Amino acid sequence: MSTPHILVLATGGTIAGAADSATRHDYRPGQIGIEELLAQVRTLGLDAKFTGKQIANIGSEDITPAIWRDLHSAADDGIADSAFDGIIITHGTDTVEETAFLLDLTLPTTKPVVLVGAMRPATAVGYDGLRNFANAVQVAADREAAGRGALVVMGDRVFAARDIRKNRTRGTDAFAGFPRDAVGLVTPSALDWFGAPWRMGEDARFAFRADLPDVPVLFIHAGITPDYVERLVTNDTRGIVVCGVGEGNMPEPVRARLAELASTGLRVVRASRLAEGLVDREPEDDTNGFIAARALSPAKARILLQLLVAAGVTDLAAIQSEFDRR
Ligand code: SIN
């Protein structure tokens, strides 16, 4: 096989972060430009050539729909361009799961799309960014990576977009998968998949839109009252994701208010604030007019609900069936 050509789209994050010393805990994400990062990568002597494009250089807490639009458009162009074998996206780890899931739902699966980050900035002793990047190259250059949707490479593991969750604030093993753990293991010299691709050659499942409808997330905690719902819901709100306790539960007065809003057309999804566990449909969901998030975290449930509502899908059973299929 000829040397793979990888399009690298950079958005910032800790992988491009810097601090004043190699041992300080505090640092600034999004400091190093893509050409500087690629200059370091080229010293590794990997069998790949790279074309870099800077989409943004931010901490990923500052990701916006406008940046998502530019990123999606550049990735879509890269997939359509026969010059490229795969796409790598460098990204902050804080919201990488949301960007990965959005791209997973809105890009075709004809070429590998691999997001990668780092938990330690580029100036830190033990910087994990270069190793993660070298691992991402293995994945982006592998034809078998296509047909698995958007993938995230962190800590020598490959995760599918639906599954990946950042579970720890520190450490290079900060990510886990739910309901499925890693789909592959990777090092700079080897890649092992745990199964065959499951989405080979699929078109994008949804059209990308930057003007996604307003869908807030309601975090349930002890003592919450229905006023919290009123503070979140405006005339523009089209749906709400409940980040519920346990299996998507909430106090009775909050349930009653949300059921009232659901009867007026607001789409209400019950998810869980826990890191692991399905939120299944319950008989009361029929009377309440609620949808169960199943395997999706609240942040990902929000993205799916936004795309569905934007696509004009408002029927409760149709929305539930989309959540059941993820
Ligand atoms: C960020 O998400 O941009 C900061 C944290 C990180 O990349 O690890």
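**Figure 1. Aspartate 280 and arginine 294 pair up through their side chains.** In this predicted model, the side chains of aspartate 280 and arginine 294 form a salt bridge, with N and O 2.3 Å apart. Aspartate 280 sits in the loop between β13 (267-272) and α7 (283-288), and arginine 294 sits in the loop between β14 (290-292) and α8 (298-310), so the pair ties together parts that are 14 residues apart in sequence. Aspartate 280 is partly exposed, at 28% relative accessible area. Arginine 294 also comes out as partly exposed, at 26% relative accessibility.

Figure 2. Glutamate 252 counts as partly exposed, with 48% relative accessibility. Arginine 255 is partly exposed too, with a relative accessible area of 24%.

Figure 3. The closest N and O atoms of arginine 28 and aspartate 20 are 3.8 Å apart, and the two make a salt bridge. How open are these two residues? Arginine 28 is partly exposed at 40% relative accessible area, while aspartate 20 counts as exposed at 62%. Elsewhere, salt bridges link Asp104, Arg199, Glu202 and Arg205 into a network. Over the whole structure, the search turns up 23 salt bridges.

**Figure 4. Strand β1 is largely enclosed by the rest of the structure.** What puts it there? Eight of the eight residues of β1 (residues 5-12) are buried, so the strand is largely enclosed by everything else in the structure. Strand β2 (residues 49-58) runs parallel to β1, and seven bridges join the two. Isoleucine 6 has phenylalanine 50 in β2 as its bridge partner. To get from β1 to β2, the chain goes through helix α1 (residues 34-42), and this β-α-β crossover is right-handed.

**Figure 5. Valine 139 is a buried residue of helix α4.** Look for valine 139 in helix α4 (residues 129-140). Its relative accessible area is 0%, and under 20% counts as buried, so valine 139 is a buried residue. Which residues does valine 139 touch? Leaving out residues up to four places away in sequence, valine 139 touches Pro112, Val114, Ala145, Leu151, Val153, Val158, Val186, Leu191 and Trp193. To place the view, isoleucine 87 is 52 residues from valine 139 in sequence, and their C-alpha atoms are 9.7 Å apart in space.

Figure 6. The chain divides into domain 1 (5-193) and domain 2 (217-325). Their C-alpha centres lie 30 Å apart. Domain 1 brings 15 residues to the contact and domain 2 brings 13 residues. About 1,200 Å² of area is buried between the two domains, with carbon and sulfur atoms giving 68% of that. Which residues of domain 1 lose the most area to domain 2? They are Phe101, Arg165 and Phe178, which together give 46% of what the domain 1 side buries.

Technical notes:
Residues numbered from 1 in each chain as written. Predicted model: local features only at pLDDT ≥ 70, side-chain atom pairs only at ≥ 80, totals over all residues. Heavy atoms only, no water. Buried < 20%, exposed > 50% of the residue type's maximum accessible area, 1.4 Å probe, protein only. Helix = DSSP H or I, 4+ residues; strand = E, 2+ residues; numbered from the N terminus. Pairing = 2+ DSSP bridges. Right-handed = clockwise from strand over helix to strand, strands pointing away. Domains from an automatic or database assignment. Contact = heavy atoms within 4.5 Å. Buried area = accessible area lost by both parts, 1.4 Å probe. Salt bridge = Lys/Arg side-chain N within 4 Å of Asp/Glu carboxyl O.
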